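I set aside some time to look through one protein model and keep notes as I went. Here is the structure I had open.

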Amino acid sequence: MKFIGIIPARYASTRFPGKPLALLGGKQMIQRVYEQVEDSVDKVCVATDDERIEAAVKSFGGNVVMTSEHHRSGTDRCEEAYQKIGEPFDVIINIQGDEPFIHPEQIETIKQCFEEESTDIATLVKPFAADGDFENTLFNPNSPKVVVNKKMEAMYFSRSIIPYIRGKKYTEWLPSHVFYKHIGMYAYRADVLKEITALPPSSLELAESLEQLRWLENGYKVKVGITEQETIGIDTPEDLEKAERLFRQ
């Protein structure tokens, strides 16, 4: 199978304008992400709506394609970019442009999900630590949770805690059940990506503000791979400062 990694990258950001061009360890963040994944796929391409990001990617010899500034999600931007690239690939991997510490092993895990022909879409989860801080992990609505079936297919994603553990105090939930944190990397078969980007937003998607619920509501199977590596997203300048300290270590 042939895999292409597409990195959606916008300049406009409410909390961190120009984030893809921010320096981390002497290199721009978009370059860090690009270099982390390029050996794990057959091709990498940045999909952007900004000429400054386009110029930055070209400056380090990367592939880049200009896309519309009106996309609702990175999934939509990936589909336009894939059509413009014009090369056939079996699977498109949507790689977050603000996670410079992404592990190549995570790319391999999501690729392995497509060894099953029934897989339409794939994503990653990480088990919450049994001794974790309940308030800052399981109870955090910015950290979506996932429940899976016996085939390791997603049954539901939620910002709420799922499942509910009856008969136990909240503080006892993490040690008594394996909860899964959603890691925001997606991969789609090429024909499926075209289909799901043509679908209107669904009721569950609008309720939770999670686009993957649209896919489940429309009957697509989302295969789940498990990773033990934590991803570190950079959403604010303060996050970048933390990442810089981590990079130096």
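**Entry 1**

I kept in mind that the model is predicted. I also reminded myself that most residues other than glycine have a negative phi, and that most peptide bonds are trans. Then I went looking for exceptions.

Which peptide bond is cis, with omega near 0°? I found that it runs from Ile-162 to Pro-163. I placed Pro-163 in the loop between strand S9 (154-158) and helix H5 (173-176).

Next I checked phi. Met-152 has a positive value near 60°, and it isn't a glycine. I found Met-152 in the loop between strand S8 (145-148) and S9. Its relative accessibility is 22%, so I wrote it down as partly exposed.

Ser-209 also isn't a glycine, yet its phi is positive at about 60°. This serine sits in the loop between helix H7 (203-208) and helix H8 (212-217). Is Ser-209 buried or exposed? I noted it as exposed, because its relative accessibility is 53%.

**Entry 2: aromatic pairs**

For each pair of rings I looked up the distance of the centres and the angle of the planes, since that is how such a pair is described. How many aromatic pairs are there? I got a count of 10.

I started with Phe-3 and Phe-114, which form an edge-to-face pair, 6.5 Å centre to centre with 70° between the planes. This pair links distant parts of the chain, as the two residues are 111 residues apart. Phe-3 belongs to strand S1 (residues 3-9), while Phe-114 is in the loop between helix H4 (104-112) and strand S7 (121-127). Both Phe-3 and Phe-114 are buried.

Then I turned to Tyr-188 and Trp-215. Why is this pair edge-to-face? The planes of the two rings stand at 80°, with the centres 5.9 Å apart, so that's the label it gets. Here too the pair links distant parts of the chain: Tyr-188 is in strand S10 (residues 180-189) and Trp-215 is in helix H8, 27 residues apart. I noted Tyr-188 as buried because its relative accessible area is 0%. Trp-215 is buried with a relative accessible area of 0%.

I also came across a cluster linked by ring pairs: Phe-134, Phe-139, Tyr-164, Tyr-170, Trp-173 and Phe-179.

**Entry 3: charges over rings**

Which ring does the charged end of Lys-2 sit over? I found the ring of Phe-89, with its centre 4.6 Å away. Arg-52 does something of this kind with Tyr-11: its charged end sits over the ring, 3.6 Å from the centre.

**Entry 4: helix H4**

I listed the buried residues of H4 and got Gln-106, Ile-107, Thr-109, Ile-110 and Lys-111. What do they pack against? My list has S1, helix H1 (29-37), strand S6 (91-94), S7, S10 and strand S11 (222-226).

**Entry 5: Glu-205**

Last, I picked Glu-205, which is in helix H7. I put it down as buried, because its relative accessible area is 10% and buried means under 20%. Leaving out residues up to four places away in sequence, Glu-205 touches Leu-210, Glu-211, Leu-213, Arg-214 and Glu-217. I also looked up Lys-181, 24 residues from Glu-205 along the chain, and found their C-alpha atoms separated by 18 Å.

Definitions and conventions: Residues are numbered from 1 along each chain as its sequence is written. This is a predicted model: local features need pLDDT of at least 70, side-chain atom pairs count only at pLDDT 80 or more; totals for chains, interfaces and linings use all residues. Side-chain values use heavy atoms; hydrogens and water are left out. Helices (H or I, at least four residues) and strands (E, at least two) are DSSP runs, numbered from the N terminus. Buried means under 20% relative accessible area, exposed over 50%, partly exposed in between (1.4 Å probe, protein chains only). Rings of Phe, Tyr and Trp (its six-membered ring) pair if their centres lie within 6.5 Å; planes under 30 degrees apart count as stacked, over 60 as edge-to-face and the rest as tilted. A charge sits over a ring if NZ of Lys or CZ of Arg is within 6 Å of the ring centre and within 35 degrees of the ring normal. Contact means heavy atoms within 4.5 Å.
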